[in-house]
Amino acid sequence: MNNTIFQNFNQKVSTALIFTGILYSIIGILGLINPLVFSVYLVYILAFFFLVNGFNNFVKGIKFTDVAGFHWALSIFLGAIEILLAISLFFTPFISQIYMILYAGIFLIIKGIFILVNVISHKKAFPTLYSHNLGSGLIDLLFGVLLLFLPIFSQQFLFLAVAWYILFCGINLIVSAISLKKMNK
């Protein structure tokens, strides 16, 4: 019974990985074809994310002012900051591109290091996950370093690096899904 549940779970995960990998690969390829349009869309997507999340936090803070223990003032403050950040991104998309990539580079380095340390320290406990997550950690770390140092050279090359990152992440997800399906059989 548990084996059937585990296989069903693995099947759903591998299907999700395949679709996500294909989506990432398509976005990465489109970014490689037209990096300027890709860079502006990235800023607008991020701005939209901050706007929606900001309104959500702001409304949640107002809605839950009567709930004991809920930090409603912090929620309202975060919502206001996110809304202001979104407005800033909408009105200054070209300047925001450089800062966004620097933040993404720092995030990817931290994420890559965390994944690598976690994978290496738990290699014996989860041997099948080692090869899948090792690739993911290395991709994050290498592209994070690349993103941090590229603003010195060229902004357009920077967004090509992001497009390549998304493409490699997509390919890694597809390979992981195929490996997971083989493991189920």
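A: The accessible surface of the protein comes to about 11800 Å², with 76% of that belonging to carbon and sulfur atoms (Shrake-Rupley method, 1.4 Å probe). Keep in mind that this is a predicted model, where local features need pLDDT of at least 70, side-chain atom pairs count only at pLDDT 80 or more, and totals for chains, interfaces and linings use all residues. Residues are numbered from 1 along each chain as its sequence is written, and side-chain values use heavy atoms, leaving out hydrogens and water.

Of the 185 residues, 32% count as buried, meaning under 20% relative accessible area with a 1.4 Å probe and protein chains only. The protein has six helices and zero strands (DSSP runs: H or I, at least four residues, for helices; E, at least two, for strands).

Now the pocket. About 770 Å³ of space lies in the largest one, a pocket being an open set of points on a 1 Å grid where a 1.4 Å probe fits, with protein on both sides within 12 Å along at least five of seven lines. Its lining takes in 24 residues, and Y24, L42, V162, Y165 and I166 lie nearest the centre; a lining residue has an atom within 4 Å of a point. Two or more lining residues come from each of α1 (2–33), α2 (35–63), α4 (93–121), α5 (127–149) and α6 (155–184). By class, the lining has 19 nonpolar, three polar and two charged residues (Ala, Val, Leu, Ile, Met, Phe, Trp, Tyr, Cys and Pro are nonpolar; Asp, Glu, Lys and Arg charged; the others, Gly among them, polar).

As for α2, its buried residues include F38, V43, F50 and G54.

Note on methods. Grid points are joined across faces, edges and corners, and a volume is the space filled by probe spheres set on the points. Buried means under 20% relative accessible area, exposed over 50%, partly exposed in between (1.4 Å probe, protein chains only).
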